[in-house]
Amino acid sequence: MIGIFCVTKAATDEEYGVHLAKACYVYTGMIVIGVITAAIAVTAEVLGMTGISDYMLGLYCGMGSGITIGGAVLIVRNRRLMKNKEKLHKARIHDSDERNAQISGMAVKAALAVLLVGMYLVMLVGGLWYPVLPKILVLLVVLFLFSYLVACKVISNRI
């Protein structure tokens, strides 16, 4: 499987192991965010906050639980991968393969185009009933474009 964030330029298995160890820190952050999200939902439920619907509380609790479990699974997967030299080597070859990097890049571009079109359609249709929705979506598109420009500048200075 080719993941969005799985591409690496690690030339050796040791470098790839370091890359996976650093990724575990990101996954730990995911776990923290997930626990906080679920805890907020549970706290709101216990305190009986009437302004929040049961649906939204369930959504937040489910999202928090899912992010927490996902982060934990990814940490376990990386730890097991780092202990098995043969699997680590195969994973490094797969994740550093230029063809897979190109496929991942093209897939991200296609998914981004679909996302922007979807946001535009939701902005057009949803704005008829919820006037704040187009403002939020326009801000998200501006955030994307600004972050894209900053990332291009930073990355071009690194390379």
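At what angle do helix H1 and helix H2 pack, and how far apart are their axes?

## Packing of H1 and H2

Helix H1 (residues 13-47) and helix H2 (residues 54-83) pack at an angle of about 160°, and their axes are 7 Å apart. Axes here are lines fitted to C-alpha atoms, for helices over the stretch in contact, and angles run from 0 to 180 degrees between N-to-C directions. H1 and H2 are therefore roughly antiparallel to each other; angles under 35 degrees count as roughly parallel, over 145 as roughly antiparallel, 65 to 115 as roughly perpendicular and the rest as oblique.

The crossing of H1 and H2 is left-handed, a term used if the near helix is turned anticlockwise from the far one by less than a right angle, with right-handed used if clockwise. In the contact of H1 with H2 there are 22 nonpolar, ten polar and four charged residues. In this division Ala, Val, Leu, Ile, Met, Phe, Trp, Tyr, Cys and Pro count as nonpolar, Asp, Glu, Lys and Arg as charged, and the others, Gly among them, as polar.

## Basis of the model

The model is predicted: local features need pLDDT of at least 70 and side-chain atom pairs count only at pLDDT 80 or more, whereas totals for chains, interfaces and linings use all residues. Residues are numbered from 1 along each chain as its sequence is written, and side-chain values use heavy atoms, with hydrogens and water left out.

## Overall architecture

The protein has five helices and zero strands, and from the N terminus on its elements run α-α-α-α-α. Helices (H or I, at least four residues) and strands (E, at least two) are DSSP runs, numbered from the N terminus.

The radius of gyration of the protein is 20 Å, whereas a compact globule of 159 residues would have a value near 15 Å. This radius is taken over C-alpha atoms, and the globule rule is 2.2 Å times the number of residues to the power 0.38. Along its principal axes, the C-alpha trace spans about 55 × 40 × 25 Å. Of the 159 residues, 20% are buried, where buried means under 20% relative accessible area, exposed over 50%, and partly exposed in between (1.4 Å probe, protein chains only). Among contacts with a separation of 6 or more, 67% come from residues 24 or more positions apart; contact means heavy atoms within 4.5 Å.

## Helix H3 and its partners

H2 and helix H3 (residues 85-96) pack at an angle of about 110°, with axes 5 Å apart, and are therefore roughly perpendicular to each other. On the H2 side, Leu81, Met82 and Lys83 meet Lys85, Lys87, Leu88 and Ala91 of H3. The residues of this contact divide into four nonpolar, no polar and three charged.

H1 and H3 pack at an angle of about 85°, with their axes 10 Å apart. These two helices, H1 and H3, are therefore also roughly perpendicular to each other. Asp13, Tyr16, Gly17 and Leu20 of H1 make the contact with Leu88, His89, Ala91, Arg92 and Asp95 of H3. By class, the contact of H1 with H3 has four nonpolar, two polar and three charged residues.

## Buried positions

Asn78 is placed in helix H2 and counts as buried because its relative accessibility is 0%. Neighbours within four places in sequence aside, Asn78 is in contact with Leu20, Ala23, Cys24 and Tyr27.

Met119 belongs to helix H4 (residues 98-126) and, at 14% relative accessibility, also counts as buried. With neighbours within four places in sequence left aside, Met119 is in contact with Leu137, Leu140 and Val141. Met119 and Val138 are 19 residues apart in sequence, and their C-alpha atoms are 8.7 Å apart in space.

## Exposed and partly exposed positions

Helix H1 includes Lys22, which counts as exposed at 57% relative accessibility. Ile40 and Leu59 are 19 residues apart in sequence and 12 Å apart in space, C-alpha to C-alpha.

Leu124 lies in helix H4 and counts as partly exposed, at 45% relative accessibility. Leu124 and Gly66 are 58 residues apart along the chain, and their C-alpha atoms are separated by 31 Å.
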